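Have the structure open as you read.

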Amino acid sequence: MAGESLREKVFQKIREDILKGRYKKGDELVECTIGKELGVSRTPVREAVRQLALEGLVQIIPNKGAFVTGISVRDVMDMYQIRARLEGLCASMAAEHVTKEQLEGMEEAIVLSDYHAGKGNYDQVCQQDSRFHKLLYEASGSRILVHTLGDFHQYLQRVRMASVQYRMRVRPSNSEHRKILEAIRQGDGQAAEKAAYGHIANTIENLKNFDLEKVLREEMK
């Protein structure tokens, strides 16, 4: 396995464990322990921790160690506010660049989400929600938006899961996906932007139903 690939895999694994709540705020990331667990030397772990520090998920304190800072409620709200504007831009660009295959994929995600919502399969609903947004990002034709919004989507996964499982929100959310899709299908960038922005704005409003501090403390299974 190439060294660069190994470093990236270690980084992604530790970041995922932080975002899923396996490592809590204040936990120390011990290089040798993580290295043994992942079957790697301390070097890629050390490099991953430094990268996580640049992202703000970890704080490195000289002569003490690296400690998890994680995601705060303020971080969550900031990311959703930024995401609302970027997803609006993304949808607007998608109206111009979307492919037939992407349209079909988003359509299928909506149909499957409705189906699984009716069955109470909220893990599957969340998967289809992620699929819809991933296809939306890719449809913009912008690598920058794909990367930035993809990171936000991953950072917010615990909050998204809680939101998706809120029964009063599932159907309206999927209806909003439908509005975004239809505007993109019609090539109406302005309507697509408005629908995408409104979708995230409604999600922000929905967050008032949750104790976000508690959600962020819980480990996601």
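A helix here is a DSSP run of H or I with at least four residues, and helices are numbered from the N terminus. By that count, valine 170 sits in helix 9, which covers residues 167-185. Keep in mind that this is a predicted model.

## The overall picture

The protein has 11 helices and 2 strands. Reading from the N terminus, the order is α-α-α-β-β-α-α-α-α-α-α-α-α.

What about overall size? A compact globule of 221 residues would have a radius of gyration near 17 Å, and the protein's 19 Å agrees with that. Along the principal axes, the C-alpha atoms fill a box of roughly 60 × 40 × 30 Å. If you look at contacts with a separation of 6 or more, 75% of them in the protein are between residues 24 or more positions apart.

## Surface and charge

How many of the 221 residues count as buried? The figure is 44%. The accessible surface comes to about 11900 Å², and carbon and sulfur atoms make up 50% of it.

As for charge, there are 34 positive and 32 negative side chains in the protein. The centres of those two sets lie 4 Å apart.

Helix 6 takes in residues 122-139. Its 18 residues should span 26 Å at 1.5 Å a residue, and the 25 Å between its end C-alpha atoms agrees. Quite a few of its residues are buried, including Tyr122, Val125, Cys126, Asp129, Phe132, His133, Leu136 and Tyr137. An α-helix has 3.6 residues a turn, so residues three or four places apart point the same way. After helix 6 comes glycine 141, with a positive phi near 80°.

Helix 7 is made of 13 residues, 143-155. From its first C-alpha to its last it reaches 18 Å, close to the 18 Å expected at 1.5 Å a residue. Its buried residues are Leu145, Leu149, Asp151, Phe152, His153 and Tyr155.

Glutamine 157 belongs to helix 8, residues 157-164. Is glutamine 157 buried or exposed? Buried means under 20% relative accessible area, so at 13% glutamine 157 counts as buried. Glutamate 176 is 19 residues away from glutamine 157 along the chain, and their C-alpha atoms are separated by 19 Å.

Back to valine 170 in helix 9: with a relative accessible area of 9%, valine 170 is buried too. Glutamate 8 and valine 170 are 162 residues apart along the chain, with 34 Å between their C-alpha atoms.

## Two loop residues

Asparagine 63 is in the loop between strand 1 (58-61) and strand 2 (65-68). Asparagine 63 is not a glycine, yet its phi is positive, about 65°. With 85% relative accessibility, asparagine 63 counts as exposed.

Phenylalanine 210 is in another loop, between helix 10 (189-206) and helix 11 (212-217). At 22% relative accessibility, phenylalanine 210 counts as partly exposed. Valine 159 is 51 residues from phenylalanine 210 in sequence, but their C-alpha atoms are 9.1 Å apart in space.

Definitions and conventions: Residues are numbered from 1 along each chain as its sequence is written. This is a predicted model: local features need pLDDT of at least 70, side-chain atom pairs count only at pLDDT 80 or more; totals for chains, interfaces and linings use all residues. Side-chain values use heavy atoms; hydrogens and water are left out. The radius of gyration is taken over C-alpha atoms; the globule rule is 2.2 Å times the number of residues to the power 0.38. Buried means under 20% relative accessible area, exposed over 50%, partly exposed in between (1.4 Å probe, protein chains only). Contact means heavy atoms within 4.5 Å. Accessible areas come from the Shrake-Rupley method with a 1.4 Å probe; for residues, only the protein chains shown count as cover. Lys and Arg count as positive and Asp and Glu as negative; His and the chain ends are not counted. The place of a charge is taken as NZ of Lys, CZ of Arg, CG of Asp or CD of Glu. The expected span of a helix is 1.5 Å times one less than its number of residues.
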